[in-house]
Amino acid sequence: MDRKNLRGSLILLLCALIWGCAFVAQDVGMNYVEPYTFTAARSFIGAAALLLFSTVKDAAARKRGVQPPDKAAKKLQLKAGLCAGIALFVPAAMQQIGLVYTSPGKSGFITAMYIVVVPILGMFFGKKAGLNVWISVAIAIAGLYLLCMKGQLTIERGDAITLVSVVFWAVQIMTVDYFAPRVDCVKMTCMSFAVCGTLAAVMALLTETPTWPALVQCAIPLLYAGIMSSGVAFTLQAIGQRMTAPTVAAVMMSMESVFAALAGFVLFNERFNNRELMGCLLMLAAVILAQIDFGFGKKAKNEVQA
């Protein structure tokens with residue numbers, strides 16, 4: 001691995017650490033505000049922080065004599081921000097709703113399933129997945145059963161909502177992979193959170209009762225989720241994916257599930273029973289196996305990478 005790839009991997013690992021801890025902040029936030037309100041507030045905080053950073057960065061670039069982007073580049077930047085924002089809103093809101101009913105550790109592990117979903121989703125666009133992916137799917141299903149199923153064939157509400165959000169997280173990752181090499185990552189992330197925050201605010205006003213005192217009480221979780229998880233981590237994701245091979249990037253980001261479980265253990269003293277622990281281990285094995293090529297058969301050149 002060269003220095004560029006190593007740097008990108010370390011950036012994505014830091015991104016995963018921030019996201020993992022954010023599951024705890026998001027869970028605490030549900031004690032004060034409702035899901036759409038939390039999503040809107042954290043998104044606007046993240047957008048504001050990135051707007052400030054982008055403004056300073058642009059001013060420094062002008063002093064160095066860097067030419068501003070042309071009309072075509074601005075149009076692409078706007079398109080990237082809109083697409084990334086819409087792709088972000090659905091899974092972010094669903095994940096936040098899921099946290100009302102499930103724990104940060106479980107939410108983190110289930111969310112990591114996007115590493116399996118990405119190559120499967122790519123098949124609908126004519127891209128093939130290797131045998132290792134299908135093996136990982138079987139392992140992941142077994143892990144989900146152990147982690148989420150209670151008694152008979154039932155699944156808890158929060159687990160089901162979070163599981164559905166995984167498909168949309170896969171779409172968000174594919175969107176970032178497409179636009180990140182073509183646009184300013186900071187501006188794209190800033191715009192995406194502005195779009196996400198606007199959509200969440202509309203839903204909050206329609207379905208919830210947001211109040212200023214509740215937002216003030218939720219300030220610490222919101223600031224962490226807004227500045228660190230939204231502003232910093234999602235920008236790191238875009239930057240890291242520009243420097244790192246897709247397979248390595250996916251494995252690094254999947255570590256958020258491990259960090260989420262560790263954060264829940266350290267801060268909330270959460271405990272998994274043996275069944276749930278085995279489910280977590282199987283899911284972690286699945287998301288890693290999905291990225292490893294064991295050379296089973298001839299792989300097509302257009303095989304999808306997470």
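Modeller: Helices (H or I, at least four residues) and strands (E, at least two) are DSSP runs, numbered from the N terminus. This is a predicted model, in which local features need pLDDT of at least 70, side-chain atom pairs count only at pLDDT 80 or more, and totals for chains, interfaces and linings use all residues. Residues are numbered from 1 along each chain as its sequence is written, and side-chain values use heavy atoms, with hydrogens and water left out.

Biologist: In which helix is Leu131 found?

Modeller: The protein chain has 13 helices and 0 strands. Leu131 belongs to the one spanning residues 131-148, helix α6.

Biologist: What share of the 306 residues counts as buried?

Modeller: Buried means under 20% relative accessible area, exposed over 50%, and partly exposed in between (1.4 Å probe, protein chains only). By that rule, Leu131 is partly exposed at 43%. For the 306 residues of the protein chain, the buried share is 49%.

Biologist: Which kind of aromatic pair do Tyr178 and Phe179 form?

Modeller: Rings of Phe, Tyr and Trp (its six-membered ring) pair if their centres lie within 6.5 Å; planes under 30 degrees apart count as stacked, over 60 as edge-to-face and the rest as tilted. A search of the whole structure finds 5 such pairs. For Tyr178 and Phe179, the centres are 4.8 Å apart and the planes 85 degrees apart, which makes the pair edge-to-face.
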